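Biologist: I would like to learn how to read a helix and its charged side chains. Can we take it step by step?

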Amino acid sequence: MDALREMKRALKPGGVLLITFHIGKEIKHLDEWWDKPVNLDFAFFLPSEMEGWLKEAGFELEETLIREPNPEVEVATKRAYLFARNSSEN
């Protein structure tokens, strides 16, 4: 929530924020990526929970788009794209 509030503070009034993420409830951990050792966690979110967080942070929701994966070129997960507007006047 703090991160979304900071984005709102930094975004000019009337500016549009695009948040995109993989849809789900899990956290996927990788110890290796492209043959290199890593320590990465990928958090998945539900569009409804992100919409709620954006509203709590003071954004006005503009649009939510969901798209199916293209497993030939990417990880086979659904993706969400949320557009929100900074309606602040400061």
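**Reading helices and salt bridges**

Modeller: Glutamate 6 is partly exposed, at a relative accessible area of 40%. Buried means under 20% relative accessible area, exposed over 50%, partly exposed in between (1.4 Å probe, protein chains only). This is a predicted model: local features need pLDDT of at least 70, side-chain atom pairs count only at pLDDT 80 or more, while totals for chains, interfaces and linings use all residues. Residues are numbered from 1 along each chain as its sequence is written, and side-chain values use heavy atoms, leaving out hydrogens and water.

Biologist: Which side chain meets glutamate 6 in a salt bridge?

Modeller: A salt bridge is a side-chain nitrogen of Lys or Arg within 4 Å of a carboxyl oxygen of Asp or Glu. Here the partner is arginine 9, at 2.6 Å, N to O. Both lie in helix H1, 3 residues apart, about one turn of the helix. Helices (H or I, at least four residues) and strands (E, at least two) are DSSP runs, numbered from the N terminus. Arginine 9 counts as exposed, at 59% relative accessibility.

Biologist: How many salt bridges does the structure hold?

Modeller: It holds 6. One of them joins arginine 5 and aspartate 2, at 3.9 Å, N to O.

Biologist: Now helix H2. Which of its residues are buried?

Modeller: Pro47, Met50 and Leu54 are buried in H2, residues 47–56. Seen down the axis, the buried residues fall within an arc of 65° (directions from the helix axis to the C-beta atoms), so they line one face of H2. On the other side, Ser48, Lys55 and Glu56 are exposed.
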